[in-house]
Amino acid sequence: MAANERLVVNDHKAPENRQDLEMIQNAVRASLPKARAATVCIEIKGGSGSGVIVSPDGLVLTAAHVATGVKQKVTVVLEDGTRLKAETLGLVADRDAAMVRITEKGTYPFVEMDRDASTQLGDWVFALGHSGGFDHERGSVVRLGRLVRIADSTFQSDCMVIGGDSGGPLFDLAGNLIAIHSRVGAQMQVNMHVPTAVFIDHWDKMLAAEFIGEGPYAEKPVKGNGFLGLATDARPKGGLSVTKVGHGSPAEAAGIRERDVLLKLNHVSLETREQMQDLLKEMAAGDEVILEMERGGKPKTFTFNLGER
Amino acid sequence: MIVFAGLLGTVKGQQSLESSYRTTGSAVVAAFEAQRQVLQQSSAVILDGRKETGYGVVISADGYILTKASELPKSGGLAVTVNQTNYHEVKVLAEDLVWDVALLKIESHDLIPVDYAPTSDVLQGTWVVANGATSRTTRRLLAGIVSAKTREIPASGGAALGVILKVKSKVPQVEAVQQKSGAEEAGLQKDDVILSINGKKIEKVTELNDALKDGKAGNLVHLLLRRKGEEVSVDVRLAARAELFTDQMDRNDQMSGDFSPRRSGFPRALQHDILGSRAVQGGPLLDLDGRCIGMNIARANRSESFAIPVEELKGLAERLMKQAKP
């Protein structure tokens, strides 16, 4: 089936006969293998959502509330269980749209996006996602439904999605990506999705890892609220000597100890306490720090994320 | 003009599909009239007095019906409707607690049993049809698709007896017995000490956990207990731990409406996306040819429903019939 061919059953108010039902069934069956191969689980900070690969080099679309922020380290899990390193790119915080890039080189299964908003109210659609989290024996779960409401920047379908499906794909019968799962209500009819148009409208900024818009689906990082948890003293011969490691701090969790010598923070040579504080003031909770240091005369590098002050 | 513009704006900004054209709506469901007629003839309505508690699969002309065991009415008001006939004499002949299936018998000679499909191994995306809420005379249906791999659904949280053990005791000693558990049915009491399981000696709590690790929900285990200085032996039905201790509903459960309390611990299940509830389980799952490819056994949550595949269903029917006629 050509990707842009609109099935006649979509123009029937309801399926009229067995032939119509079989048209829907055959289209879903035919579209599923490719759609499923591109549907992924996204693991981040102990939570789990879904996403879908839209380019052979591993660009993934998901929901902003799954990504939670920009430039975050995440793990992308393919249907066969392959785990891949990835990082979040940009997001649209008020539309629940986000982008993730698989950072491991490879050629990945992907789906085509509906680029001209061709979907109409009542169209038959199917949802995929890792409902309740990744389950290798089960695989991602497919659900059939119709587009029951179209509003500005939101689709509603009667495909039943649940926690873990967030960020997963909604497809038309030809297997084109039309939206990303966003949120559900307690009522079974309330399954909300972000149309691909929202992604297309913000594409370049998202690729550039920009945080777009204000809440409610992701909180903007606040500069200076990052927390490291170290007290230091400048050394005459350069670098900073660690005098205290805060109990329960990100620095402690990363394995930094008293008397370690910090040489560089994110590749900037450290000279004074004030200078390091200024560097940290420009960063936010969740940002990555790379600390190059010396312990007992041997070089060591620690990479971890700032906590929240 | 302003009103007109406002109307246009509303239509343009937001469109909504009438409920009858939604997937569960009357206009869509009407396309499945042929399958509905099969449900009309070959599914049974299970009643507690006048209240519907589930459905059943008619498997013989002479009145044998399979249903979901854990949803059978406990009150003694068990009745069955097939097509438009009500049956108040209903015998529960046999049960398989692993599959949560009961065999019922009503007095009839001209029922139309389901036609079994040759296999449940169909592609995902295949239409399936199941009982929806019924009226007194007319069966209604819900439709959906096969939605995930057919597989075992392990007991959620592992298999458990349904006891809370004393924290400070080195030997496994009962502090409390959970309601509606196998332990309660078997009469376990506070302070009972578990000495062995299926003949295997238990001296530590960890050994008890090991012994239960591979247990299946619905299976019986033989326990030797010490109670007030005397040894007592009982058989205890295992159940899924998460289904015994249900005080913590997670967010997904809260979003899932009226799901089946017994929803895990099935040796093999076909998954579909029909929007049912606990009250519409036990009936046949039909394909577009109206053939029975399974029996609905659980509404697990908002997104997932399970059916016993036809291969296992046929085996269960034979086994339970044999058990019923010694």
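Student: Where is the place of Pro261(B) in chain B?

Tutor: Pro261(B) sits in the loop between helix 7 and strand 20 (266-272) of chain B. Keep in mind that this is a predicted model.

Student: Is Pro261(B) buried, exposed or partly exposed?

Tutor: Count the neighbours. A residue is buried if 20 or more other C-beta atoms lie within 10 Å of its own, and exposed if 12 or fewer do. Pro261(B) has 15 other C-beta atoms within 10 Å, so it is partly exposed.

Student: Which residues does Pro261(B) touch, leaving out those up to four places away in sequence?

Tutor: With those set aside, Pro261(B) touches Ser70(B), Glu243(B) and Arg278(B). Glu71(B) is 190 residues from Pro261(B) along the chain, but their C-alpha atoms are separated by 9.0 Å.

Student: What share of the contacts in chain B comes from residues 24 or more positions apart?

Tutor: Among contacts with a separation of 6 or more, such pairs account for 61% in chain B. The figure for chain A, worked out in that way, is 60%.

Student: How many helices and strands does chain B have?

Tutor: Chain B has 8 helices and 23 strands. Buried residues make up 46% of its 326 residues. Its C-alpha atoms fill a box of roughly 85 × 60 × 40 Å along the principal axes.

Student: Now a strand. How many residues of strand 5 of chain B are buried?

Tutor: Start with the general idea. In a regular strand, side chains alternate between the two faces of the sheet. Then the case here. Strand 5 (residues 78-82) of chain B is mostly covered, with 4 of its 5 residues buried.

Student: Over how many bridges do strand 2 and strand 5 of chain B pair?

Tutor: Strand 2 (residues 43-48) and strand 5 of chain B share 5 bridges, in the antiparallel sense. In this pairing Val45(B) stands opposite Thr81(B) of strand 5. Strand 5 of chain B also pairs antiparallel with strand 6 (residues 85-87), over 3 bridges. There, Val82(B) stands opposite Thr85(B) in strand 6 of chain B.

Student: Which residue takes a positive phi in the hairpin of strand 5 and strand 6 of chain B?

Tutor: First the background: most residues other than glycine have a negative phi. In this hairpin, with 2 residues between the strands, Asn83(B) has a positive phi near 55°. Asp191(B) is another non-glycine with a positive value, near 80°. Asp191(B) lies in the loop between helix 4 (182-185) and strand 15 of chain B. It has 13 other C-beta atoms within 10 Å, so it is partly exposed.

Student: What is the strand order in the open sheet of 4 strands in chain B?

Tutor: The order is 16-15-17-18, with antiparallel pairing. Strand 16 (200-201) and strand 18 (230-237) of chain B are the edges, each pairing on one side only. Strand 15 (residues 193-197) of chain B meets strand 16 over 2 bridges. Ile197(B) stands opposite Lys200(B) of strand 16.

Student: Turn to chain A. Where does the kink lie in helix 1 of chain A?

Tutor: Check the length before the bend. Helix 1 (residues 18-38) of chain A has 21 residues and reaches 30 Å, close to the 30 Å expected at 1.5 Å a residue. The kink, about 45°, lies at Leu32(A), shortly before Pro33(A). Leu32(A) is one of the buried residues of this helix, which also include Ile24(A), Val28(A) and Ala35(A).

Student: Which peptide bond of chain A is cis?

Tutor: As a rule, most peptide bonds are trans. The bond from Gly215(A) to Pro216(A) is cis, with omega near 0°. Pro216(A) lies in the loop between strand 13 (211-212) and strand 14 (226-227) of chain A.

Student: What does the domain assignment of chain A give?

Tutor: It gives domain 1 (8-212) and domain 2 (226-308). Their C-alpha centres lie 40 Å apart. The C-alpha trace of chain A spans about 85 × 35 × 35 Å along its principal axes.

Student: Last, the interface. How many residues of chain B are in contact with chain A?

Tutor: Interface size is often given as the accessible area lost when the parts come together. Here, residues are counted instead: 34 of chain B are in contact with 38 of chain A. On the chain B side, strand 1 (14-16), helix 2 (26-29), strand 10 (141-145) and helix 7 (251-254) each give two or more residues. Strand 1 of chain B has the largest share, 3 residues. By class, this side has 13 nonpolar, 14 polar and 7 charged residues.

How values were computed: Residues are numbered from 1 along each chain as its sequence is written. Chains are lettered from A and ligands numbered from 1 in the order in which they are written. This is a predicted model: local features need pLDDT of at least 70, side-chain atom pairs count only at pLDDT 80 or more; totals for chains, interfaces and linings use all residues. Two residues are in contact if their C-beta atoms, placed from the backbone, lie within 7 Å. Ala, Val, Leu, Ile, Met, Phe, Trp, Tyr, Cys and Pro count as nonpolar, Asp, Glu, Lys and Arg as charged, and the others, Gly among them, as polar. Domain bounds come from an automatic or database domain assignment. The expected span of a helix is 1.5 Å times one less than its number of residues. The bend at a residue is the angle between axes fitted to the seven residues ending there and the seven starting there. Two strands pair if DSSP finds at least two bridges between them.
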